[in-house]
Amino acid sequence: MNKDLENKIDEILTRGVNEVIKKDHLKERLLSGEKLRIKFGIDPTSPYLHLGRAIALLKLKDLQELGHKIVIIIGDFTGVIGDSSDKESERPILEKKTVEKNLKTYKDQIGKILDVDKVKFHRNSEWLKNLDYEEISKQADIFSLAEFIARDNIKKRLKDDSRISLRELLYPLMQGYDSVAVEADLEIGGTDQRFNLLSGREMQRTYKQKPQDILMVNLIEGTDGRKMSSSWGNTVNLLDEPNEMLGKIMSMGDELIIKYFIHCTRISMDEIRKMEDGMKDEKINPRDAKIKLAEEIVKIYHGQEEARKAKEYFISTFSERKIPDNVAPFPSPAPEISIIDYMISAGLAESKSDARRKIEQGGVSIDGEKITDPNKILDDSFSGKVVKVGKKDFVKIVF
RNA sequence: GGGUGGAUGGCAGAGUGGCCUAAUGCACCUGACUGUAAAUCAGGCGUCUUCGGACUUCGGCGGUUCAAAUCCGUCUCCACCCA
């Protein structure tokens, strides 16, 4: 057995990984040359996948490169049920329509990381909608109520007297049965999915299959340091534009840099350790590490060239406070217009009050000159000049 | 089926007749600092304004009152408990 392969597998089993269930067993199988079926499930709750999801997707990519079969299950059926494991409150039940809409964009997003031609996609409604009560009863008998409510977030909700619907009890059964349906050898998921992942093993046993192994990846903090979650608006989405993506990463606290390197890029661990030590000894400026991180991540989703451009844009606009080269023009709707009305029509302010506030607080400038008069009138002599609002909003005036 | 407690600004959550555009925290916006940040600090955070103010908001509708987020009626929705 060659050493390279073993090293690679060791990294797969440890980098960004919280726990592997039956680690030795899994390692052995990965080394054996056997082609495994690797399951990964996504609920179409939001049209955007974020960097938190990408941790698992990168892991899948590593495995795909070793020749294993990736099976992605779009939870169109479970999506309308609502998973309780990563939520502090009951998840709203999704409309079928919303699910369909979200699902469409997934392939594109996943394709930024995986070779989707080699991925097998399923929707779990394929098999779940055909189960009858007899079958569901059999499955439901596998778990006890005590097991279900022993979970931390369920316990917390019970304690807070918040509502837990019976429907939510069904969720782990479904996800577990997905493993049976696709005959998974390995399932990858976040640590918040522990119970659901384990349920796959139980379910497979019941259906006389060999229980899958489980690889749980860490969850990652969002740009504001809290857990990354679509409902908190602190995500970096795979479909974010290069400048936006890079900007979001740059706005994170420094303490997340190394964690992101490990989880969201494939820079070698050696190099990451060197950077970590460098920052500790103050030989490396965290800003430089962070911009490298941001560029690396953008590169994965938009390619080298776009990543380089985004980085240059960032340095010139934010570090050097220059007006960027390609400011989007916005034509004035009238031959003469007050600065306030122009800001509103160009989307630089939400209301007249908002625009006025921004001016009064010194946040608005034209070609670098601060505007102090909220009643300033713009006419065609301003054509070609650039309005700046706050740190990052620019619009070129056109008449 | 019965009972109890609820619904307040983007979220959480005070307020139970006038001092309520409504405390506080989070989120957000602007400025300062900086490494771009984070942290910190200052200001802001309904709309309109001739900058004096004016108007609108506390689940919906209706009422009492000089005055209602607050009292009454009714409707809708939610949670918990008992059976």
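What share of the contacts in chain A between residues at least 6 apart in sequence join residues at least 24 apart? The figure is 70%, with contact taken to mean heavy atoms within 4.5 Å. This is a predicted model, in which local features need pLDDT of at least 70 and side-chain atom pairs count only at pLDDT 80 or more, while totals for chains, interfaces and linings use all residues. Residues are numbered from 1 along each chain as its sequence is written, chains are lettered from A and ligands numbered from 1 in the order in which they are written, and side-chain values use heavy atoms, with hydrogens and water left out.

Chain A has 17 helices and 13 strands; helices (H or I, at least four residues) and strands (E, at least two) are DSSP runs, numbered from the N terminus. Its C-alpha atoms fill a box of roughly 80 × 50 × 40 Å along the principal axes. Of its 399 residues, 47% count as buried. Here buried means under 20% relative accessible area, exposed means over 50%, and partly exposed covers what lies in between (1.4 Å probe, protein chains only).

On the strand side, there is an open sheet of five strands, running S7-S13-S12-S9-S10 with mixed pairing. Two strands pair if DSSP finds at least two bridges between them. Strands S7 (329–331) and S10 (369–370) sit at the edges, each pairing on one side only. S7 pairs with S13 (residues 393–398) in the parallel sense, over three bridges, and Pro331 has Val398 of S13 as its bridge partner.

Now for the helices. Two packed helices are described by the angle between their axes and the distance between the axes. Axes are lines fitted to C-alpha atoms, for helices over the stretch in contact, and angles run from 0 to 180 degrees between N-to-C directions. Helix H11 (residues 242–250) packs on helix H15 (residues 304–319) at about 60°, with the axes 9 Å apart. That angle makes H11 oblique to H15; angles under 35 degrees count as roughly parallel, over 145 as roughly antiparallel, 65 to 115 as roughly perpendicular and the rest as oblique. On the H11 side the contact is made by Pro242, Asn243, Leu246, Gly247 and Met250, and on the H15 side by Glu306, Ala307, Ala310, Lys311, Tyr313 and Phe314. Seven of these residues are nonpolar, two polar and two charged (Ala, Val, Leu, Ile, Met, Phe, Trp, Tyr, Cys and Pro count as nonpolar, Asp, Glu, Lys and Arg as charged, and the others, Gly among them, as polar). Gly247 counts as partly exposed, at 23% relative accessibility.

Helices H13 (residues 269–280) and H14 (residues 286–302) pack at about 155°, their axes 10 Å apart, and are therefore roughly antiparallel to each other. Glu271, Met275 and Met279 of H13 meet Pro286, Ala289 and Lys292 of H14 in this contact, a set of four nonpolar, no polar and two charged residues. Glu296, also found in H14, is buried, with a relative accessible area of 17%. Neighbours within four places in sequence aside, Glu296 is in contact with Phe261, Thr265 and Ile267.

Two loop residues have a positive phi without being glycine. Lys208, with phi near 60°, lies in the loop between helix H10 (194–206) and strand S6 (213–217) and counts as exposed at 75% relative accessibility. Arg321, with phi of about 55°, is in the loop between H15 and S7 and is exposed too, at 60%.
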